[in-house]
Amino acid sequence: MAQATMNPFDAAPKGPNAFAQITDNVARVAELEKPPRGWYIAFGIALSLLTVFGVSVGWLFWTGIGVFGNMNPVFWAMPIVNFVFWVGIGHAGTLISAILYLLRQNWRTAINRFAEAMTIFAVICAGIFPGLHVGRPWLPYWMFPVPNQMNMWPQFRSPLEWDIFAVGTYFTVSTLFWYMGMIPDFGTFRDRSTSKWRRLAYGALAMGWRGSSRQWHRYERAYLILAALATPLVLSVHSVVSFDFATAQLPGWHATIFPPYFVAGAIFGGFAMVVTLAVPARQFFGLKRIITVAHLELMAKIILATGMMVGYAYSMEFFVAWYSGSDYEMFTFVNRAFGPYAWSYWTMIACNVISPQVFWSKKMRTNPWVILLVGVLVNIGMWFERFVIVITSLSRDFLPSSWGYYKPTLWDFSILAGSFGLFFTLFLLFCRYLPMVAMAEVKAFHPSAHAHGDDDHH
Amino acid sequence: MSQVKDQPEYWRSLAELENDPEFLATVEREFKVPLDEEPGSPARRRFLQVMGASFALAGLSGCRWKEDKMVDFAKRPQGLVPGEARRYATTMELGGVATGLLVTSYDGRPIKVEGNPAHPASLGACSVWHQASILELYDPDRSQAVLKDGQKAEWKDFEAAFKTELARLKSAGGKGLYLLSSPSSSPTLADLKKRVAEKYPAAKWLHYDPVAPGDEERAGTKLAFGKPHRAQLDCSKASVILSLDADFVGPAFPMGIANARAVAEGRNPDAPKMNRLYVVESAFSHAGSIADHRLALRSELVKAFAAALDAQVGAAAGAGDAGPAQPKPSAQFLADPKVAKFIEVVAKDLVANKGASLVVAGPQQPPEVHALAARLNGLLGNAGVTVSYAEEAEAPGFFDQLKELVSALAGGQVDTLVVIGENPVYTAPVDLDFAGAYAKAKNRIAITSYVDETAKASTWHVPLAHYLETWTDTRAWDGTIAIGQPLIAPLFGGKAASEIVALLTEDVAWAAKDLVRRTHKEAIQDDRKWQKLVQTGAAAPTKLTGAAPKLQPIAPVKLEGGEAGALDAPAGQLEALFTHCSKVYDGRWANNAWLQELPEPFTKLTWGNAALFAPATAAALGVTDGTPVRLSLGGQSIELPAMIAPGQAAGSVKVALGYGRTSAGIVGGHNGDVQPTSPVGASAYKLRSSKAYRFGSGLAVQGLGSPDKLATTQDVHAIDDVGRKGTDERVPMLVREANLEEYKKHPEFAKHVVHHPPLIQLWEPPVKYDGNKWGMAIDLAKCIGCNACVTACQAENNIAVVGIEAVKTGREMLWLRVDRYYSGKAAEAGVAWQPLPCQQCENAPCEQVCPVGATMHSSEGLNDMVYNRCIGTRYCANNCPYKVRRFNYFNYHLDKVGLTPWHGMENDRHRVKAMVFNPEVTVRARGVMEKCTFCVQRIQNTKIKAKNAKRAIKDQEIQTACQQTCPTAAIAFGNLNDKQSQVSKLSELGRAYQLLGELNNRPRVSYLARVKNPNPELV
Amino acid sequence: MSDEHKADEPVSTQTGPLHGILAEYETPTALVNACKRVRDAGFKKWDTYTPFPVHGIDRAMGIQMTSLPWLVLVAALLGLGTAISFQWWTNAVDYKFISSGKPMWSIPANVPIYFELTVLFSAFAALFGMLALNNLPHPSHPLDHKKHFGKVTDDRFFLYIEAEDEKFERDSVQALLEETHPASLEEVPEDHSTPAELPRKFVYALIILGGASLIPFGVFAKMRASKNVEPRIHAIGDMDWQAKFQAQQPNPLFPNGMAMRAPEPGTVAAGEPVDDDHFATGKTEGQFARTFPAAFKIDDAAMARGKQRFEIFCAPCHGQSGAGDGMVAQRASELAQGTWVPPTNLGLEYLQKMPVGQLYDAISNGVRNMPAYGPQISPEDRWAIVLYLRALQKSKGAPVTDLNPTERAALK
């Protein structure tokens, strides 16, 4: 892929002190006395949204799940939509880090770090929702296999139980992966730090990393292994999430196509979120020379590709429904496109299938702002995809007598907005205090990083 | 009552709140979410309470384990074993129609009402009204004190004051003394009435009930026989039945339950002969819902129809000495080929089944129709076979009695008026202006169970005891005497009607117990015999018998106004049809939350009434479901939401009475000073007049803007074309139906409606179910959609009431629902019922998805729900193909939201309410899933009994609540492993099928396909 | 340039002992070339330090393949094993229940968690294994005191040979490194300035934190040990208390505070024996009946039932044999309290002659000190007890001839 386009490193710093410049570019952000005003504005907004989140959750805990619009037959609604949405976002990070690493897509180095950060924060947001939306939110720990005086164990036949393990593992492994990647950069921060406390903090995080080659050797090995572990994990998480639906009997959920379809969608949405974050980030923090247009273009291409996969999945669902010969299945899909929730279906199509098509034109896919716009659209579209799957299927199942129409409440939206607050608060803190770009890796793949030893050709 | 004492404290926190900015802000924010509602509706109150509670930090006190004491009698009465249920026979009366009941008492508290198998009007079944009456008993809104001019007073004050007034009146021979009470069959009241007449010759005792049956029948039979009679049906002997606008299987009809049982038994397609049911009616009734042929006619057209039929039958059967047949009436609609054909075929069929046919006239139809029905039965030789006539005393109709009273009041002849158990200020037709006239009486004494509209307008009010609180006696429609035992001492110091009346006749205060005993003393001398009668609750030998009376010639019916009209009525001249509400009757149960939240059988509307239009009429008027409309009739008008009712006769608008109460209570709406709540629905009495009493034409309808959301439990969302198409496609798969001939040809047809691959198991089932294997069979051919099972389930299983907003949101709680599917074209639409409990699938989809194993399978095949283990992921409900699982979105039982450790017994209101709950069933808290369990508590009780007695459980020994109360015995429950059990036999039938069985869930409920017996000539 | 570089660093030479010699390079290439020389010179205790993993330096330094992958493999297998055995034990052994007619234990339903735990364990092994093998965390190193060395995480490349290497020899190493044209070359002394152990305040901080973290456990321990009159803390009631009245619960609503209500006088519950005086009261025409009521079937079952009930309700006072020597009676006579009236010996003459109806009545309504057992024992059972009592009385002083031979044999 990288070959197909201009070299993403063309824009990168050159000359004898290239490495120093890279270091400087990245580290400066964290060392600024005062971050740019943009950061403060963004952080202010994020914090206020986070407060909304807190209030909403408080009220939810006090009064009960009824503050949401959930009803019979739509027993799962926006909280689950949000859960799947965030888990989806949480894919691109590890994917970029792991899969692209295994595929030797060196250009990933520019973006993998905060893609990973994004993953972790997204998974945090995701993880909160299932806990919130249970009827007795003080008891979800019953889903964890902890020995208890009741001598009861959770049921491992339940997809929700698989979820607990899948999402839990994914979060843990992503965090390990992320942290490990940052160890050398913490070292850099430590060595550059002027204040004692910074030195202490980053020193502790770096754990005395001094870049010994013997350590580098094991480090790279471990990194490769983690990447190799994370890759199937990424694919598994959303597959397992899709099992929540696929293993159910409900028309519109009960589909074998779900795992690949969900994974494609997740990658799609994940990358969309990456560009949504990358474009402003490179703007604010002057990383244009590290996160280059070429990088964005590559991601645009991935968005286009995965977008079409998703589109294929949409059409395939219809085919399968027809091919299955099940009246209920057929009805569900007709109902999706032309029933009371048609508006959500067509929003989804417009955002996910139509909007990425602009990337066929080079002009568009090299314009950061167009990319940003499409990224946002796709995020919206992916949220609606989950809305369509969860809600339209539930609202009209087997018996017409139990059909209903779900309307979200104020609280549904405040919680969704609040979760964005949580996400961006964490993300902005990350931008402010942690190495946003994997410096060591960027350097490693820098043209002048190649040691062409004089007698090294045997 | 200490409740009154508690009130101030109960409200203090609120009072503080009223102007607390934070609180107001929260309310403000709340206005966006479904939790908030118009002031006073239940959820809103819950909300207020939680704010109060949270500010009062009541949580702190509640965060420790609560210890509970055990208290017992020092010397316990014989036979009263704590925790062991006992059954007492009693009887309940409604509009003079009595039903024998068997009430379950737990620790000396009544908790459940069932029918009394020994009573001919019950046969072990009962109606929603009986089932829900237990909730009224424990309604804290019931009147709790004697009131003088609205001020609290003592019983002895009233007694003294009343006595002095009586002394004064007695001297005048009772002149100016009036009593108004519900029509009653009670021998005790009859006896007292005699005594009153002796003691106060000039006094008048009148009866009124806005919807009670009987008036028109008495008048009609008088036309036919010269003397008033009452018709007693024996539907079991009838193979062809014609209903003239009569819901004779409905609960409000005399012996309706018995009729339903008989008709249902006659509709068994597996029996050699199956009866045929023709129904002519304006709005869908229970009878109409099971009819083989139904003709939708405006009520006002039925008279002409009857006359035309008489003409036909008279011609065919020969009038004999019963005078000439009716001349063919000249009504436009009779020209309609469909109607003509119908009349011809029906006449033919009736004549063909001479002596085995039956013609029933609706209680709301004018006397002529009853006369013609009687005549037809006579001509057809049915009298004495399928129907017998027992002579009745001459008595003016209830409406006329009320009119008489009003004129007396207006004429100032009424000095003292004692109103017992009725609410005329609310229920009187608007043009009588009862309220205005009432004020003219000097002493207005209201003996009512609530401080209702009439009590508010009275000088004295005395709480009337609930029928479960006092001794009563009734005579069923067939004359059977039943003694009503009290199940508990009056909770709020209420008095029995007989006790009040006894004040007039006796010098010392008499207890109802002694009054009832006195009445029957000479008939039953021996106390042991008396005890036996009390125990069984029904005495056989007192039946009324009637030799077939001689028919008299009936003058040709006169047709006026709309009565001779066309099939459809012009827009301004629509027919207004005022009926009792199948839930709150005439409004007396407006404060009964179970009934308010019960989905109306056809519209599935809860919490309110609506104006029902035929689809054609609605289209013509441009109104649809939920459109607010103004109904104007005779200068009066009310506003109601419109609803489209397939099967409704064109040009006829049905409005249920009994709503728009302004003094019912917190549930039904009241404008009192504590916790005022807005009325539920709108009062159709404001439209009802002497001219349009049962029904009348001249109704004008005006739409008022765009539709509002209605609180219905089915078709909650205006169904779009996609949805309607989908529904039409699948209904035949869900409710499988065939004609008798088809069924005889293909007895297995129901099994081949849905084609699916063979249903194989991937694995060995982990359990063999070789012990008890519980299963259910529901006969769709028998179900009349009366809802009794639904309320029985609610009463048995402590199912919460959620309130109108929650129902609108779609959070109804009823475990058992009766699905209603319309079929066919608008006016000729048919309707099919499908009671839907949990199907207890052997491969239950709900179980595998629960992460904590809160729902799992028992070794007897029950799909158990472990409330305490449930954390409320709601995944099970998503995966249930039948959507029979229900979720507690809030703490509905605690009537306050919030994370509260209290168990809802903080004040006496709660303590009163809590008494209605079945102690053997968990009262579910917030956040847990719940569902039908086949009444597992009943199963366990019987298993224990059988185990102690070291015997096997007998078939039919365990009855689920829905099964026990079903008037038509459409539900069978039992052990599928016992091949001799009723349920296995039914499940073996050819027409047995399993709903969505193709999903291989292996449901334990079998539905018996609906089989109709249409007349080939009409198909 | 290296010369003057050396000149302006006298420090390194005079403070000793020497820990090692550090060479600095500006490009990875220079470093790699230097590495080859040092490798070929056969040094063991030496290392290079770079801002990023330099390509090809492993071979240049002759670094052996790490054993990390094997570590991870072991962890993976451990994870898989855990997943399998744990799911099997919890759902198929320790806590069985029937769910959707599925087998208690089947592979397919458990695969996702096999996979997840396998990955989880391996991931931990990979990170922490790497740290361990790299013996990280590694707080301090003599190199940290070299100002230049700070740039190792930025853009400088270093080669360091430790003095401990047995081949190490200051001058030869100096010479060897000179030949690699380092940007700078300097001697690194042993690090004495950095204390061997953590600074005091860290230690204190850690101790305090550690102590604090124990407090909750201490509280729990105390609570478990100590007695408390207050009921336990139970914040969320859920369904532990419900808005209903179970058997014998109190209800403040009523003056007597009981939820249980006495039946209304005159009411008759279903199943009460109202029409059978004999059965219900033991009387016929007002006289105590001398016969058992027809409604009561006399058979072995009844006798067995009677024995059982007798031993439950009567034997405590009257004794197994009815001789009035029940355990209660014995205990009471030990206590020898004046108020105590000893229970009657049921074998007495007049009791043997007493009509069964009267015995029944005595059980039902009590006699003298004996309370009424009517409320507790159903009529059938009362008659059964009377039946058994009669048998007891008969057995007293019954001639041996009443017994059949086998029974007599048993007695001997």
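**Exercise 1.** Into which domains is chain C divided?

*Solution.* The structure is a predicted model, in which local features need pLDDT of at least 70 and side-chain atom pairs count only at pLDDT 80 or more, while totals for chains, interfaces and linings use all residues. Residues are numbered from 1 along each chain as its sequence is written, chains are lettered from A in the order in which they are written, and side-chain values use heavy atoms, with hydrogens and water left out.

Step 1. Chain C comprises domain 1 (3–65 + 136–189), domain 2 (68–127) and domain 3 (277–411); the bounds come from an automatic or database domain assignment.
Step 2. The centres of domain 1 of chain C and domain 2 of chain C, taken over C-alpha atoms, lie 48 Å apart.

**Exercise 2.** Describe the fold content and dimensions of chain B.

*Solution.*
Step 1. Chain B holds 32 helices and 38 strands, counted as DSSP runs (helices H or I, at least four residues; strands E, at least two) and numbered from the N terminus.
Step 2. Chain B is as compact as a globular protein of its length, because its radius of gyration of 28 Å is close to the 31 Å that the globule rule gives for 1019 residues. The radius is taken over C-alpha atoms, and the rule is 2.2 Å times the number of residues to the power 0.38.
Step 3. Along its principal axes the C-alpha trace of chain B spans about 80 × 75 × 65 Å.

**Exercise 3.** Characterise the interface of chain B and chain C.

*Solution.*
Step 1. Chain B contributes 79 residues to the contact and chain C contributes 60 residues, where contact means heavy atoms within 4.5 Å.
Step 2. The buried area is about 6,300 Å², with 61% from carbon and sulfur atoms; this is the accessible area (1.4 Å probe) that two parts lose on being put together, summed over both.
Step 3. Two salt bridges are counted between chain B and chain C, each requiring a side-chain nitrogen of Lys or Arg within 4 Å of a carboxyl oxygen of Asp or Glu. One salt bridge joins R86(B) and E272(C), with the closest N and O atoms 3.5 Å apart.
Step 4. On the side of chain B that touches chain C, α20(B) gives the most, with five residues.

**Exercise 4.** Characterise the interface of chain B and chain A.

*Solution.*
Step 1. The contact draws 73 residues from chain B and 68 residues from chain A.
Step 2. These chains bury about 5,700 Å² between them, 59% of it on carbon and sulfur atoms. R730(B), R869(B) and Y875(B) supply 13% of the area that chain B buries against chain A, more than any other three residues.
Step 3. The rule finds two salt bridges here. R396(A) and D720(B) form a salt bridge at 2.6 Å, N to O.
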